[in-house]
Amino acid sequence: MRLGSARRRLVLAARLAVSWRPTGARLRGLLRSIVTSFLALGGMLWILPGLHSSGPASVLVLAAVVVGVGAVLRPVLVAVVTLFGALGLLLAGVLTQAIVLDVALSVAPGVNSGPFRDVLLASWLVAAIAAVVNWVFDVGSDDAFLGRVLGHSARVARLEPRSTAREPGVLIVQIDGLGQDVLRQAITAGAVPTISRWLRTGSHRLRGWHTGAPATTPAGQAVLLYGDTHQVPGFRWYEKPTGRLMVANRSRDAAEIERRLSDGRGLLADGGVSLANLFSGDAPVRLLTMSDPRLSVRERRQVGDYVASWSGLPRAVVLMLGEMITELQQGRRQRHRNVQPRVSRLSEFVVLRAVTTVLLRNLAVSLLADHLVAGAPVLYVDFVDYDEVAHHAGPSRPEAIRTLDGIDRVLRLLEQLTEAVHRDYELVVLSDHGQALGATFRQQCGRSLEEVVAELTEAGESAQPATGDGAADEHPVERWGPANLLLTGAARRVRGGRAARRLLRSRTTQDGAGASITLGPGRHDPARPPDRPVVASGGSLAHVYLPGIAGRATEEQIRQAHPRLLDGLRRHRQIGLVLVRAADGSLRALGCGGWREVTPAGATGGEGDDPLAPYGPAAARALAQLDTRAHVGDLVLLGRYDPEIGETTAFEELVGSHGGLGGGQENAVLITPSSWLVPGHPAEQLDGPGVHRLLLSRLIELGLRKGPGE
């Protein structure tokens, strides 16, 4: 058995060594090795009396010779890790560099090697220093990570010949917040070479899908995982019957939303794995999932292995510090160049970006790899890196595109991994919504939407939250989701959770599944007078609730209770339209210069300018569908959209926003293998239920999902 495992690892090592190709990251590693060797050699020549050089130039030549010879052996790196693990990488590095340095000292010009014992001592000293430095960097690289995972797969999975038929599987990767226009821009800019190769070679095809409103992650995952288009009216909303403010990335609220969505037969119900999602899709295995962040004994062991390894937490901390420095520098550059529009990128986002783009992503990839190796039939993972950065930098700006490059490298790693495990996985890439650029409501008019509503309803000072926490207007609660997810999972199951809960007692709430840690705005439902208007916004979409009016308020009731409210909002220059229901049941979109009746077939009737026109021909249908959702506001507001420059107004303090319509935020991405039969013309967009049906039918076709009646 041991011989068989060793043979499989040897085959994997040979395969990886042959497939190794130089990349930008690897060339940067080569330059780093030259600098490391130059410093180590200079120190060695200065310390040891028996060795001499003619100057820094000769030392640099010697360092280049050492690294050049080592570069020839570089493809062996992954093979070594596959065979012997991270410790083997360190020992092999010391031995290899010692031999290379012995040869280099004898042939490099301008260096007198001296007695053999000095050469031997110098070679081992420099080799040890350089190998340790390079090991710290290389052990957490993509190459070493892939080698470690494949080494593990050789021990637990069967490595079969290519001609042998393998069981099918599906891996679904969600790139949170990625719009069609940004993806095409990234492809032409060369920022996503893996996706570009798939599309150019014809192995995959790109289709768009229209999210409608709300264009948010909760609504997107509700339809993708459950086929539901009725339970989620936004990222947060107010429920009049209970007086409860729901926030989708608050664990206890996510659990309640999933309870409403689920009939027990979600997309992942038959043996699936849900990883880093808001909802589980009824997957039996739920990892870092907001609706159920608990970790089983096996997952706790996997997290422990990740934390304990050099490719885990220690390296993640170093990379997080680098990401924080990068964020500070990029924010400073935007301020120095006076890039407009922009928002502040200081305070907590500096840390939250590092948590999202390094710690959560690396942990998710590690857990995902383990379950691919174990042969899970279908897996669904959400990477939120791009969405987080795009919110604060802008969806198409260099910082956000650079984040896509990191996710593309993850896709390449997963592609390599799926080639070595015993299932024949089909890779699907999709997004839940896009993003739109634009200055915020407060930036453009000096006040928040909640303050404007308070003035128009004559609520005065009573409109301010009594607790100062959880205001339902401009505070971007979405940014805190990844941190809350990690902390809640740790507090519930991981050793030391009680200490974490005690430390964060003021941020901890209880629900049916245990303790939930919620940092940032929205961690408590603020006390409010029973007749105080409630504004629940998400991006460029806002719901306004009037608790003093029972049920869904009509236009006539609103005008009677608050005579200034409707006209004040519809005439506000940063509000594109106001959606309201009339007493006869009809739905009206009110704008500054006119109004239209909204129906599922389109806009009809009305007078004056059409307020729906800037949002495109699908706007009426999207708003009519939004009106059918539970707990929709008495009034629904869309931020103003300028089609000439493609910018929208967000009600939160985010320069990149989503939730409403306009600017590409409702145009999501779907990339499927070319063998999939996608209904409709390639130029046509699917809707959310259409994407859900497509995924479900493919799982049934592959035998990974029970069909109707089974």
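# Notebook: strand β20 and its surroundings

I began with strand β16 (residues 575-581), which pairs with β20 in the antiparallel sense over four bridges; I take two strands as paired if DSSP finds at least two bridges between them. Helices (H or I, at least four residues) and strands (E, at least two) are DSSP runs, and I number them from the N terminus.

I note that this is a predicted model, in which local features need pLDDT of at least 70 and side-chain atom pairs count only at pLDDT 80 or more, whereas totals for chains, interfaces and linings use all residues. Residues are numbered from 1 along each chain as its sequence is written, and side-chain values use heavy atoms, with hydrogens and water left out.

**Strand β20.** I looked up the bridge partner of isoleucine 575 in β20 and found glycine 639. Strand β15 (residues 541-545) also pairs with β20 in the antiparallel sense, over four bridges, and there alanine 542 stands opposite leucine 637. Is β20 enclosed or open? Five of the five residues of β20 (residues 635-639) are buried, so the strand is largely enclosed by the rest of the structure; buried means under 20% relative accessible area, exposed over 50% and partly exposed in between, with a 1.4 Å probe and protein chains only. In a regular strand, side chains alternate between the two faces of the sheet. Here I see Leu635, Leu637 and Gly639 pointing one way and Val636 and Leu638 the other, and all are buried.

**Two serines in loops.** Serine 540 lies in the loop between β14 (534-538) and β15, and I list it as buried because its relative accessible area is 0%.

Serine 586 is in the loop between β16 and β17 (587-590) and counts as buried because its relative accessibility is 12%. Its side chain makes a polar contact of 2.7 Å with that of aspartate 584; such a contact is a pair of N or O atoms within 3.5 Å, where within protein one must be able to donate a hydrogen and the other to accept it, and residues adjacent in sequence count only if both atoms are side-chain atoms. Not counting residues up to four places away, serine 586 touches Val580, Arg581 and Glu597.

**The eight-stranded sheet.** I then turned to an open sheet of eight strands with mixed pairing, in the order β8-β7-β9-β3-β10-β24-β4-β25. Its edge strands are β8 (285-287) and β25 (686-687), each pairing on one side only. Within the sheet, β3 (residues 167-175) and β10 (residues 423-430) run parallel and are joined by eight bridges, and valine 173 has valine 429 as its partner in β10. Helix α15 packs on this sheet, touching β3, β9 (378-383) and β10, and its direction makes about 165 degrees with that of β10; axes are lines fitted to C-alpha atoms, for helices over the stretch in contact, and angles run from 0 to 180 degrees between N-to-C directions.

**Whole chain.** Residues 24 or more positions apart account for 73% of the contacts with a separation of 6 or more.

Note on methods: Contact = heavy atoms within 4.5 Å.
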